[in-house]
Every structure is written in C-alpha cells, then in structure tokens.
Amino acid sequence: MSLELYAVQLISLMSLSISAAYALSRLLAMLISPPSRSRLLSIVDAVPRRVIGRAYVEEMSWHRYLVSLLALNGVVLALDALLLALQPALGGPRLSPDLIFNIASSFVTNTNLQHYAGSMLTIYSQALVITYTMFVAPASGLAASFAFIRGFTRRTDSLGNFYADFVRSIIAVLLPLSFVSALLLILMGVPQTLQTQVIVGTLQGGYHVIRLGPVASLESIKLLGNNGGGYYSANSASPLENPSGISNFYESFLMLLLPLSIPLAFGRIAGTKRGASILGAMLAGMGVLLGMALLGGAVIGVEPRLGAFGTLLFNTVSMATNTGATASSLLAMSPLAVSSFLMAMFVQAVPGAVGVGFMYMMIFVVITLFILGLMVGKTPEIMGMKISPRDVKISAAAFLVHPLAILIPLVLAFAAGQAQHLLGTPGPLQFTEILYEFTSAAANNGSDYLGVAANSPFWNYLTGIVMLVGRFVPLALMMALAGSFAGKDRRRMPEPVETQGILFAVLLLGMTFLLTILTFFPFLILGPFSIG
C-alpha cells in the first residue's frame, strides 16, 4: 500500500471513531446527569430497582461508592475462582490454585493477562468466567468515571449510586453495543458457535483440528470494553479472531469508541471546550506514540493479511487504550515500537482504558495546574474550585502507585533469580520482557512476551497481586479526589490558568509526557533502547 492509502486508512479510523464517540457521549452524559424523567432509564432501572430496593437509588459519598465497587468486584473475583476450580466437573482440565488466582485477578481488573493457553479453558469457562467478567470490569471503570465526573461538576458531596451506574453501564451501553458488534464480526468471518471443534483435511492428506466456540461474542466485548484477552493464544493475530484488514479496522474502532466518548461526555456537562481540550491532548499523545511505532516499524512475524501498517496501527491503538490485544507477536515489533507501547502503558491516559484513562488524565490536569500555579505565583484552580494541598497529594499518590507497582516486583523477580531462571542470562531483551510483564500487569493492559512460559506459582501470584494493586489502589485515590472536589465552593471568576483551549491542551500533554519520561526513562534505557 502507498503512503496515501495509509493516510486515508488512519484519517478514516479517527474520523469514524470521533464521530461515533461524539454521538455516544450524549447517552453517557445522560447517564452521568440523569434527567428527572427518562423513558430509557425507567426501562433499564425497572427490574434492578425492585430486586435491590432502596440501595439502588440512595446517593453515596465517595467512601460508600468505593466500598460498593470493591465489594462487587471482590464477589466476582471469588465467583470466578470458584467456577475455574470446578472446571473439571464440566469436562475441562484441572487448573492449579496459582493459575486460578491469576486468571480471576486478571479478568476482574480489566487486565486479561494470559498465562494460560486457550485450550486450557472449556467453552463454558470462556462464557461463564471470561466473557461475563469482560462486562463487569469495564462497567466498573465506566461507573467510576461517572462518579468522578460528578465530583467535579456537582454542588453536593454525593457521587451518585454505584449499583445504578454499574447496571446502566452494562444494560444501556455495553450489552447493546457488544451485541451489534458481535453480529458484525460474524459477518466478517469470526466464528460464533457452541461446537467445540471442527476437523479439516490438509493438502498432505492428513487432518487438522480447529478449536471453535463463542468467539465473536467474546471478541466484541474484549475490544469494546478494552479487555484484550483472546479466545486463542495468538489473540488478534489469529485469523479466527481477526480475519482481514476490514476486521482489523473495525476492531481498532471498537477499542477507541468508549475511551474517546468519556471526555466528550464530560465536555457536555462541564463545557464543550474543556472536554475538547482533554480529548485533543489524548489524541495528540496517541499520535506521538503511533509515530514512534511507525518510525520503528516491524521486523518479522507480521501477518501478511494485515500488513505492517495495519498491525502497527492495531497494536498502537490497543496499547494506547490499555486493551492489550495484539495483532502480532511482540517479538515482531522493533525496539522503538515496543518503547512506544511501554510509554502508552506508563501514561495510561492517551486515551487509556474505558473510564480509567479519563480519570488518569484528570490526575495529570490537577498536577499540571499545580505546577503552572507555582510558576505564575497563583493558587491553582479548576472550574472555579481551588486545588488544595490534599488534592495535590492524592493526585501525586495516584501517579506514583504505578511506577512502584512496576519497580518493586521487577527487582524481586531478578533478586529471587526467577527472571534468570525463566529467560537465562540477563540482557537488554530479557530485561525488556520482564519490564513489559510488570508494566502490562500494573497498567491493567495484559499484553506480554512471556505467555504460558510464566505459568508458575511465582509469576502467577506476583503478577496477580500487581494487577489488583494497579487497578484498585488508583481507583480508590481517584474516588477520594472526586470526593474532595464534590461540594467545594465554585467561584464565577476567570481561572488563573485556562483549562480549555489549544494552549492548555499542549501544556497538559507536555507536562504528562515530561513527568512520565522523568519517571520511567531509566527503565527504557536499560531495556528496549539498548536492544541492538
């Protein structure tokens, strides 16, 4: 393909994604600030309100909202572990306790790191554990972002009701979109059946067994919800998950849809220019990462049906949205492309995963305004609210959790000799693979080099803990920040530093990359930058 065709493909993808995200943002804005009467919400809420009762409509403080979120995810984590432990009763292989813990932690945290081969799970486990949890995890992130936005836009100290936000996210957003997406993927050639396998003949006169199952339904929510876990070990490099260039384009669109919709929904509530500025910073950041990936290019192992550009585009979109699905082996990517993927996971906000990416960008907004306030000698403010020292401390803590969740287990892996045992003599490539493993786990991304090679108690337990910390500690801090802003006095005065417009978007993106590079640059120097 020529450069002109690559440009048309990229422009078409971004135009379609932004247009669809703008249309979807109207629904999200309605869910964040529900009107007094809504036919849609009446239908969605009818059954849950009767089952849950008063707890479904009560307003919650940030403490109660967070406890409810953690409690529900804790129940799902335990249920997933139980179902996986009972898999032999359904005719499947027995899984070790450490692998069960890793799988359950991986999917409930929206990470989908896979230390198992797809054949280790039955189609019942794929449906009852994997696909089901792929709805729970993004719905939790989406609900948390609703509460977070309310904290910045409401004049009360309540953040809404978690149960209502969670149910509405699934029924009004994820279910209908994933259902339509699954139908489109079936038309593109992705299988959807309860048949477990099909036997086909080969040109040499032998036969080959092709594993089947409800792939399209898993694939749709995997991408729409920024989950990333594949039905097959090859993930989206498999022709049964990603059959053609058309499906590659559509799946890239699915990954972008929700992350781009949330800042636009925020803009509908807090001001169009303010939402557009945040979205602009996100898109510009992703553009920088895509430029790095394309400049580095691919080496070997790229699927011919997708091509180098399609593969790099898919992988970059996947890492930028913290989806973690891959259209090729990471070993097929150049060191510069891998560096761009790591940068995406370090930042987690360009645009980041559904819900969480926007909240991370708002963390960067608070930190940026604090630093700019120091530079101009004025008290930092956002939307007429003063940014207190407590707000800055919470934001800084949310930023620092990520490098700590990467660095501590990274040191443990080498100090305990587990990295050397798995990969041999340490070198730049080996360091990159271990760095990538823990970065992917802490960022709830899920892509990795190690795969089933890391299926051992040390790696399963350690990455499982990292995934839980990387998901729920920042969420707790983000809810605390939203609670801090909820109910603050709002002045109708000009902001010391405008939080809208092109200049602010440039300053925000520059400060985001600067803080990230200062924190993680030594990791990149020891890893991908040193690969010959």
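Predicted model: local features only at pLDDT ≥ 70, side-chain atom pairs only at ≥ 80, totals over all residues.
Residues are numbered from 1 along each chain as its sequence is written, and side-chain values use heavy atoms, without hydrogens or water. Local features need pLDDT of at least 70, and side-chain atom pairs count only at pLDDT 80 or more, whereas totals for chains, interfaces and linings use all residues.

The chain holds 17 helices and four strands. These are DSSP runs, numbered from the N terminus (helices, H or I, at least four residues; strands, E, at least two). The radius of gyration is 22 Å, close to the 24 Å from the globule rule for 532 residues, so the chain is as compact as a globular protein of that length. This radius is taken over C-alpha atoms, and the rule is 2.2 Å times the number of residues to the power 0.38. The C-alpha trace spans about 80 × 60 × 50 Å along its principal axes. Of the 532 residues, 58% are buried (under 20% relative accessible area, 1.4 Å probe, protein chains only).

A pocket is an open set of points on a 1 Å grid over the protein atoms alone, where a 1.4 Å probe fits, with protein on both sides within 12 Å along at least five of seven lines; lining residues have an atom within 4 Å of a point. The largest pocket is lined by 21 residues, with S233, N235, T326, D448 and G451 nearest its centre. The second largest pocket has 16 lining residues; R274, M383, G384, R491 and E495 are closest to its centre. Helix 5 (123-153) and helix 8 (245-270) each supply at least two residues of this second lining.

Definitions and conventions:
Buried < 20%, exposed > 50% of the residue type's maximum accessible area, 1.4 Å probe, protein only.
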